[in-house]
Amino acid sequence: MINRVLIRIKVLQLLFSYCLSMEDNDDNRSIYEELANCFDNCYLLYFHLLKLPCDLAYFHLRQLDDARHNAIGSIDLNVETSDRFADNSILRQLTEVPEFNAFCERHKSCSWGNDALFLKLLLDRVRSSEVYQQFLSLPVVGRTAEARFCRDLLREVLLADEGVLENLENKNSLWTEDDVELIGQFVIKTFRRIESNDPKPIMPMFRNNDDAHFGAQLMRHAIEDMARNNEFIDDLVDSKRWDAERIASMDRVILCMAIAEAVHFPTIPTTVTMNEYIELAKNFSTANSGPFVNGVLHSAFRRLREQGLIVKP
């Protein structure tokens, strides 16, 4: 689930904080523990977001069941006992996945069921949404329509809801709106896997062992090579008549990471590294950082090839 795009983002965020505090702390051992904790929190957020529509549908089912009983306990058969949300087969199938249940059992915080007021207000917003109304208006509903509803509900309603974001922030102060958006894409992919009857729809924390170790290795190489890479960057900037003293701190970290990745990870093409770090510059640094990082990395990779430090395409 945690891919290399997300890994680079988390390494960048921690490495930037590390660089700001280098003068106060010579011990970098804790940064690797923080990185591992970041990945654990990302995976925990994945299950929180998976659990939310399940708990919301179950809450709605209980509301419908309660509505069938009047004050003296008899049953009013004129009240519907279910609807397409409460009986959604995709959500029901998710709640029957052993890996999903086992994780949520170990991590009780994944449950949203303890906050009835929050669920009631959120359900009201869901039921008034265009996504919900369009789903109810379909003459016939099959698994494809149910899966599409789950994806649209998450993308257009739940992930955009301020109450959900606030609730998540209260659960874990390390979760940001960007994290919710990124991890939400993996939840959407999970619904696609359920729709296609994938026997293992729950995504693992990492796709493989290489990805599992990529973050710590990238962090180590970036830290070990930082002084040398900063000198290299200053030399490149001077030769290109850029002002080295005006390089944004975030741009320096991005460039150091990109050079470390290009040198130490021979299986990653330099074009991939180039594109990934230009995107990081656009998203996490200044408005002019994308073109600047692009220009510096082109010069850096060309010189590193001339020096024999990069021998890949």
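## Whole chain

Read along the sequence, the protein chain runs α-α-α-α-α-α-α-α-α-α-α-α-α-α. Secondary structure amounts to 14 helices and zero strands, where helices (H or I, at least four residues) and strands (E, at least two) are DSSP runs numbered from the N terminus. This is a predicted model, in which local features need pLDDT of at least 70 and side-chain atom pairs count only at pLDDT 80 or more, while totals for chains, interfaces and linings use all residues. Residues are numbered from 1 along each chain as its sequence is written, and side-chain values use heavy atoms, with hydrogens and water left out.

Show the C-alpha trace of the protein chain: its atoms fill a box of roughly 85 × 40 × 35 Å along the principal axes. Of its 313 residues, 46% count as buried; buried means under 20% relative accessible area, exposed over 50%, and partly exposed in between (1.4 Å probe, protein chains only). A contact means heavy atoms within 4.5 Å. Among contacts between residues at least 6 apart in sequence, 78% join residues at least 24 apart.

## Colour by confidence

Colour by pLDDT, the predictor's confidence in each residue, from 0 to 100. The chain average is 90, and 90% of the residues score at least 70. Now select residues 74-81, where the pLDDT is below 50; beyond near neighbours in sequence, this stretch has 14 contacts in the model. Where pLDDT is low, the predicted coordinates should not be read in detail.

Select Tyr46, which is placed in helix 2. Its relative accessible area is 0%, so Tyr46 is buried. Which residues does Tyr46 touch, not counting those up to four places away in sequence? They are Met1, Ile183, Phe186, Val187, Thr190, Pro201, Ile202 and Met203. For Met1, draw a C-alpha to C-alpha distance to Tyr46: the two are 8.8 Å apart in space and 45 residues apart in sequence.

Of the 103 residues in the largest nonpolar core, Tyr46 and Phe85 touch the most other members. Helix 2 supplies the largest share of this core, 17 residues. A nonpolar core here is a set of buried Ala, Val, Leu, Ile, Met, Phe, Trp, Tyr and Cys residues joined through side-chain atoms within 4.5 Å. In soluble globular proteins, nonpolar side chains tend to be buried together.

Go back along the helix to Asn41, which lies in helix 2 (residues 29-67). Asn41 is buried, at a relative accessible area of 12%. Leaving aside neighbours within four places in sequence, its contacts are Asn172, Leu174 and Trp175.

## Cysteines

Select the cysteine sulfurs. How many disulfides does a search of the whole structure find? The search finds zero, a disulfide being a pair of cysteine sulfur atoms within 2.5 Å. For Cys38, the nearest cysteine sulfur is that of Cys42, 6.7 Å away. For Cys104, the nearest is that of Cys110, 4.5 Å away. Cys38 counts as buried at 19% relative accessibility, and Cys104 counts as buried at 11%.

## Helix 6

Select residues 130-137, which form helix 6, and show Val131, Tyr132 and Phe135, which are buried. Seen down the axis, these buried residues fall within an arc of 95°, so they line one face of helix 6. The arc is that of the directions from the helix axis to the C-beta atoms. Turned away from the buried side are the exposed residues Glu130 and Ser137.

## A loop residue

Asn197 is in the loop between helix 9 (177-195) and helix 10. Check its backbone: Asn197 has a positive phi of about 60° although it is not a glycine.

## Helix 13

Finish with residues 270-284. Helix 13 has 15 residues and reaches 21 Å from its first C-alpha to its last, close to the 21 Å expected at 1.5 Å a residue; the expected span is 1.5 Å times one less than the number of residues. Thr270, Thr273, Met274, Tyr277, Ile278, Leu280 and Ala281 are buried in helix 13. They cover an arc of only 155° around the axis, which puts them on the same side of the helix. These buried residues pack against helix 1 (4-20), helix 10 (209-224), helix 12 (249-264) and helix 14 (289-306). The face turned away from the buried side carries the exposed residues Thr271 and Asn283.
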